[in-house]
Amino acid sequence: MSRTATYCAFYVAEPFNASALGAHATKDFCYYNLLRSWKGSDTTFPFSDAHATTYSVRDGSDWESTLKPRLRERIRSSRNMVLFLSTSTVNSRAVREEVDYGMNDQGLPVIVVYPEYDTKEGLLNNGALKSSVKALWNNLPIFRDSINKVPTLHVPIKKELVRSALADNDFMLGTKTSAQIYLYK
């Protein structure tokens, strides 16, 4: 299987509802849609959406027999993962499963996008991630506890920085760098 896609992990309210009043009302889902819109308006934007690689999921689908297998199939087709992490992120079953399987089973490098920060300097204090940024990791304990198992690149939601991160070979499965925390300084 060719791993050419990027898997996006983000919180959506459960049970998932793709209607305008469902998923679109969840902030992290809106950030994912922003990434998709960047690709839609700029064909050179290096984003290949893993969520577009399998059948879409329907409201009320069974977790074990339908949802979980589809998520895993999408993750297995991916070369990396984008995790949207914000104050709105909730430790839901789906996002926990996505991050655990992607990081701990598949070894995918993770590009962590912080939507509430719009500059790389905003993420930092004296050249290191701010404590307020690291505190967001507690919203998703599986991520926090697995962060040293794969390379993670931490970026604000700035199109050009996300573009650079998605194109960076150090954060692709076949050519990934060593497992540690990376920043664009």
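A: Start with helix α1, residues 27-41: at 1.5 Å a residue, its 15 residues should span 21 Å, and since the C-alpha atoms at its ends sit 21 Å apart, expectation and model agree. (That expected span is 1.5 Å times one less than the residue count; helices are DSSP runs of H or I of at least four residues, strands are E runs of at least two, and both are numbered from the N terminus.) Bear in mind that this is a predicted model, where local features need pLDDT of at least 70 and side-chain atom pairs need 80 or more, while totals for chains, interfaces and linings use all residues. Numbering starts from 1 along each chain as its sequence is written, and side-chain values use heavy atoms, with hydrogens and water left out.

Which α1 residues are tucked away? D28, F29, Y31, Y32, L35 and W38 are the buried ones, where buried means under 20% relative accessible area, exposed over 50%, and partly exposed in between, with a 1.4 Å probe and protein chains only. They pack against β1 (5-9), β2 (78-84) and α7 (159-167); a contact here means heavy atoms within 4.5 Å.

Y32 leads us on to H51, because H51 touches Y32 along with Y7, C8, F10, R74 and E98, leaving aside residues up to four places away in sequence. H51 sits in the loop between α1 and α2 (63-76). With a relative accessible area of 15%, H51 counts as buried. Its side chain also makes a polar contact of 3.2 Å with that of R74; such a contact is a pair of N or O atoms within 3.5 Å, one able to donate a hydrogen and the other to accept it, and sequence neighbours count only if both atoms are side-chain atoms.

β1 and β2 belong to an open five-stranded sheet with parallel pairing, in the order β1-β2-β3-β6-β7. β1 and β7 (181-183) are its edges, each pairing on one side only; strands pair if DSSP finds at least two bridges between them. β2 runs parallel to β3 (residues 110-114) over four bridges, and F84 has V113 in β3 as its bridge partner.
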